[in-house]
Amino acid sequence: MPAEAPISAAPVSAAPVSSAPVSSAPVSAAPVSAAPVSSAPVSAAPAGPAPHDHVPAGLPSAAADTSAVAQGTAMGSYRSAALTGAGVDGLQATGYLPIVRPGADGFPPELAAIAPQSPPGPRAAEPAEPAGPDPEQILASYVWRFDPDTLREQIEGAEIDKLNEVRDQLTAKLNGVADNPTRARLLSLRAVVSRILNDLPKAFADGKLALAHAEATGELRRIAIAQARLAHVLQWREEFEEADRLFTLANSSELPDRLRATMHQHAGKCAYDQGRYMEACNHFERALDLRKEEDPELIAQTELALDAVFRRVAEKGWGPYPRTRDETLQIRKPPSPAFDEQTQRWGYIERDGNFVIGPGYLDVQPFRDGVAWVQRQGSENWELIDDTGRVLIEPPAGYIGVGSFSDGIAWVSRDGTTRWIAIDKANTVLISTGYDDVRPFRRGVAAVRRGPHWGAVDGVGRVVVSFQYDGFATALLDGRYIDGFSDEGLAVVSLDGRKGVVDRSGRVLVPPIHHTLMIHPVAFLIADDAQRWGALDRRGRTVIEATFPSRTGVTDEIDRLLADTRPVM
């Protein structure tokens, strides 16, 4: 049976792709919802930084020594940072943490103690005082009460009036903005308030429009939060199928553990509403595993939910067996390659073990993107079939080397080693330039090699990353390696043995000067030649000096700095 090439086994200096598949399916891809919306989002995000989804309340009471903040670091640059309201620079590229001038509204309290104080001198004019408390801060600091049986927020009396007032304040803020990031944030927050007020039609409309604006930004975390907030509305509307799908799509492994724990908690509540108690327990336990003792609030809510599950189980039993991710997403498992001993040929079988595509092939590859490459006796050329066995591309096309389809595109070669071109499933040539080595398309971009240097192209062949690197070596915090770009649109590149980061537009975020570099959900982890670890923000500026002896030490420090930033869902 043909083996799939593991994604983690893509070395920087890999040999040219041969007749084996270029790569397996994308890792942890989190496709965005295609639900239509009532209003088109702005076509492009503004050049300025994105506002934040959660404004922490209050500053720490203890002051800390600021001498550790090095000149030239991201912290040092706060001295001259211009006020931008909700957040600038730093880690905001994922929408996770705003970094603004110390003392300004929205400055993260987690970093206030270690941020340098502004030097004496003239200060910028203070913005006009808001008419009242900011509705986002009110929601961020609100202490919710949950019904121990339904697990839903409880409000009554004056709380209802207060939430109606908050919704009106969010509407007033929305009327003054037009950019996608801000509208995505405010609309999805208004959807949260309307849901809790049980105004589900308004919550649904806001949630769908918020997701459209979030998708227009292309930011993984912003999209995930909009998906989860809309899923929560759908759960209350008892549209469980779509709610489950969105909760699952939102929970990308590239998100911070704290956010993933929150996603699991809400997915568990959705399963609970459906009587899927085993599945609910799995989600709740996963939430606890991700945060452990570090999040007392989430732990308290999860323990309340588990108590409710066990009461229901005592009355009704455990309910249906837990679904797999593919089952939740309603992704049909394709036929699997199988070898028939009698005919000594390959075919494809269904889950029951019966051949659905008869054993008539000398060699086969697994189905990817709904199609598979197969090879018949007496031919060195590959042909393409769909999952019914229908031939889409005939052997006379002359492809000796073929790669699996991804994003509807596959790389093929007529000599099996070089001159790789890209085609669609109808054998239309999309990229005619022959490349010496290629990687699969992932979220619209593929890494390719021309001569000794690697770059990247989009689906029509336009060069988006110039040919100047020795290779792509995108390492994620969880130990996986990705062929090309992450879900967030980031890739680690290598040049002369040093690592840097580019985004899918070709912009260099971190120059290739680091011995080791990997992508953290909100930062870039780096190590110097002495294997001392530190961290950079999403603009490549130092936020944690490289002084830690291990990667774990610096990730723990990031978690400490990013405490209490779980968004309202």
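## Pairing of β25 and β26

Ala 535 in β26 is the bridge partner of Leu 525. Ile 526, in turn, stands opposite Gly 534 of β26. Strand β25 covers residues 524–527 and pairs with β26 in the antiparallel sense over 4 bridges. Two strands are taken to pair if DSSP finds at least two bridges between them; helices (H or I, at least four residues) and strands (E, at least two) are DSSP runs, numbered from the N terminus. The hairpin of β25 and β26 has 5 residues between the strands, and within this hairpin Gln 531 takes a positive phi near 60°.

The model is predicted: local features need pLDDT of at least 70 and side-chain atom pairs count only at pLDDT 80 or more, while totals for chains, interfaces and linings use all residues. Residues are numbered from 1 along each chain as its sequence is written, and side-chain values use heavy atoms, with hydrogens and water left out.

Buried denotes under 20% relative accessible area, exposed over 50%, and partly exposed in between, with a 1.4 Å probe and protein chains only.

Strand β27 (residues 542–548) runs antiparallel to β26, joined by 3 bridges. Phe 548 in β27 is the bridge partner of Trp 533. In the hairpin of β26 and β27, which also has 5 residues between the strands, a positive phi near 85° is taken by Gly 540.

The strands form an open sheet of 4 strands in the order β24-β25-β26-β27, with antiparallel pairing. Its edge strands are β24 (516–519) and β27, each of which pairs on one side only. From one strand to the next, the twist averages 20°.

Helix α12 (residues 551–561) packs on this sheet and touches β24, β25, β26 and β27; contact means heavy atoms within 4.5 Å. The direction of α12 makes about 145° with that of β27, where axes are lines fitted to C-alpha atoms, for helices over the stretch in contact, and angles run from 0 to 180 degrees between N-to-C directions.

## Cysteines

The structure holds 0 disulfides, a disulfide being a pair of cysteine sulfur atoms within 2.5 Å. Cys 270 counts as buried because its relative accessibility is 0%. Cys 281 counts as buried because its relative accessibility is 5%.
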